[in-house]
Amino acid sequence: MTFLICGLGSIGKRHLKILSMQGSHRFIALRSGKSGLKPAENIDREISHISEIGETKIDGALITNPTSMHIKTAIEIAKKGIPMFIEKPLGKNPDGIAELENLVKEKSIPVLIGYNLIYHPAIAAMKNIIGEGKIGKVISAKAQFGTYMPGWHKDEDYRKSYAAVSEMGGGVVLTSIHEQNYLTDMFGEVTAVKAMETAGNIIGIEAEEGVEILLKHKSGVVSNIHLNFFQKPYYRNCEIIATEGTLFWDFMIPEIKILTPEKTEIIKLGSGPMELLEISYLNQMIHFTEVIEKKTTPKIPLQKGIDDINVALKILKEIGRNYN
């Protein structure tokens, strides 16, 4: 297959590395200002504008540039009828979404939104356990994600990264949209949103650094999400409370606990958290290639990406940060 990768930041390079190991693929990189960048490993050709593709047949495109550029880039890709993978989130506002929807529908283009945690063994296992009714009827869920942004890339000024700048689609709500995504995947669409921004400018970025979110799902489940960019050490977990028991997952421990009054069942999932994380990214790219080959339909289609953005924008409105 020939892939077009639009953006070679850390996430673009991660997907490129995985695809490079999956077969004898060919890669074209769309890189803005490529003249000032070092040639990328495993890339067969570099271009600075989509028009340079010419008559080259592209089997699939990965949109991995900054969030603020996702929809604009996706529209250009859709005009060429190319199946695409769009890294989460879909965008930073509704601009261009209707045009993208129309193009995708008109040309019957498969679109997969990139939420790797959906493919994480722990998230998949929890969804199965819930679906099988092992813990009864779910009442509420709590998800937490905390990270220390200044420690992400020691050789870069984190304040200038896309995740720190609202104009580029940054801020903890959009950058860390995984929790919102997997909870709505488990418990259905959102009917009500409440949110508060945490007080204080802890790490000195202009976008929101922390937020507390309450979501009411159509299924009746109420979920609580805590997100922040200032926590030490890294912390990510999920607790699901149901009528017959509780599910608990800690990202740093490769297992799930099923707690009931009678016992605690531990489901082992692997040897370490990084192994499971890599599996999630691998499974995601395998799924994308199967989507391209029409062996399956997108697990997270364009409409789910749109729904997630609409909820995220309601959260931002609740905390008084309307990013346009």
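This note sets out points on the core, cavity, salt bridges and backbone of a predicted model.

1. Nonpolar core. The largest nonpolar core comprises 103 residues. Leu-4, Met-84, Leu-90, Tyr-182 and Ile-240 have the most contacts inside this core. Helix α8, spanning residues 302-318, supplies the largest share of the core, with 8 residues. As general background, nonpolar side chains in soluble globular proteins tend to be buried together.

2. Surroundings of Tyr-182. Which residues does Tyr-182 touch, once those up to four places away in sequence are not counted? The partners are Leu-117, Ile-118, Ile-123, Ala-143, Asn-237, Cys-238 and Trp-249. One of these, Ile-123, belongs to helix α4, where it is buried.

3. Helix α4 and the residue after it. Helix α4 covers residues 121-131, and its buried residues are Pro-121, Ala-122, Ile-123, Ala-125, Met-126, Ile-129 and Ile-130. Gly-133 follows α4 and has a positive phi, near 75°.

4. The volume of the largest cavity is about 40 Å³. Its lining consists of Val-173, Ser-176, Ile-177, Gln-180, Ile-213, Ile-225, Leu-227 and Ile-315. By class, 6 of the lining residues are nonpolar and 2 are polar, with no charged residues.

5. Thr-147. This residue is located in strand β7, which runs over residues 138-148. Thr-147 has a relative accessibility of 7%, so it counts as buried, the limit being under 20%. Apart from neighbours within four places in sequence, Thr-147 is in contact with Trp-152, Asn-228, Phe-229, Phe-230, Gln-231 and Tyr-234. Of these contacts, Phe-230, Gln-231 and Tyr-234 fall in the range of strand β11, residues 230-242.

6. The whole structure contains 13 salt bridges. In one of them, the side chains of Glu-278 and Arg-14 meet at 2.8 Å, N to O. The two residues are 264 residues apart and link distant parts of the chain, with Glu-278 in helix α7 (residues 273-292) and Arg-14 in helix α1 (residues 10-20). Glu-278 is partly exposed, with a relative accessible area of 39%, and Arg-14 is also partly exposed, at 26%.

7. Lys-79 and Glu-76 meet through their side chains at 3.3 Å, N to O. Why are these residues separated by about one helical turn? The reason is that Lys-79 and Glu-76 are 3 residues apart in helix α2, which spans residues 70-79. Relative accessibility is 42% for Lys-79, which counts as partly exposed; Glu-76, at 32%, counts as partly exposed as well.

8. Salt bridge between Arg-159 and Asp-157. The side chains of this pair meet at 3.7 Å, N to O. Arg-159 is partly exposed, with a relative accessible area of 45%. Asp-157 has 35% relative accessibility and likewise counts as partly exposed. In general, side chains of opposite charge can pair when their charged atoms come close.

9. Cis peptide bonds. Lys-88 and Pro-89 are joined by a cis peptide bond, with omega about -15°. Pro-89 is found in the loop between β5 (84-87) and α3 (97-107). Another cis peptide bond joins Lys-232 to Pro-233, with omega about -10°. Pro-233 lies in a strand, β11.

10. Positive phi at residues other than glycine. Ser-108 is not a glycine, yet its phi is positive, about 55°. This serine is found in the loop between α3 and β6 (111-114). Is Ser-108 buried or exposed? Ser-108 is exposed, with a relative accessible area of 61%. Lys-294 also has a positive phi, near 65°, and is found in the loop between α7 and α8. At 76% relative accessibility, Lys-294 counts as exposed.

11. Glu-262. The loop between β13 (255-259) and β14 (264-268) contains Glu-262. With a relative accessibility of 69%, Glu-262 counts as exposed. How far apart in space are Glu-262 and Glu-290? They are 43 Å apart, C-alpha to C-alpha, and 28 residues apart in sequence.

Definitions and conventions. Residues are numbered from 1 along each chain as its sequence is written. This is a predicted model: local features need pLDDT of at least 70, side-chain atom pairs count only at pLDDT 80 or more; totals for chains, interfaces and linings use all residues. Side-chain values use heavy atoms; hydrogens and water are left out. A nonpolar core is a set of buried Ala, Val, Leu, Ile, Met, Phe, Trp, Tyr and Cys residues joined through side-chain atoms within 4.5 Å. Buried means under 20% relative accessible area, exposed over 50%, partly exposed in between (1.4 Å probe, protein chains only). Helices (H or I, at least four residues) and strands (E, at least two) are DSSP runs, numbered from the N terminus. Contact means heavy atoms within 4.5 Å. On a 1 Å grid over the protein atoms alone, a cavity is a set of points where a 1.4 Å probe fits but cannot get out, and a pocket is an open set with protein on both sides within 12 Å along at least five of seven lines; lining residues have an atom within 4 Å of a point. Grid points are joined across faces, edges and corners, and a volume is the space filled by probe spheres set on the points. Ala, Val, Leu, Ile, Met, Phe, Trp, Tyr, Cys and Pro count as nonpolar, Asp, Glu, Lys and Arg as charged, and the others, Gly among them, as polar. A salt bridge is a side-chain nitrogen of Lys or Arg within 4 Å of a carboxyl oxygen of Asp or Glu.
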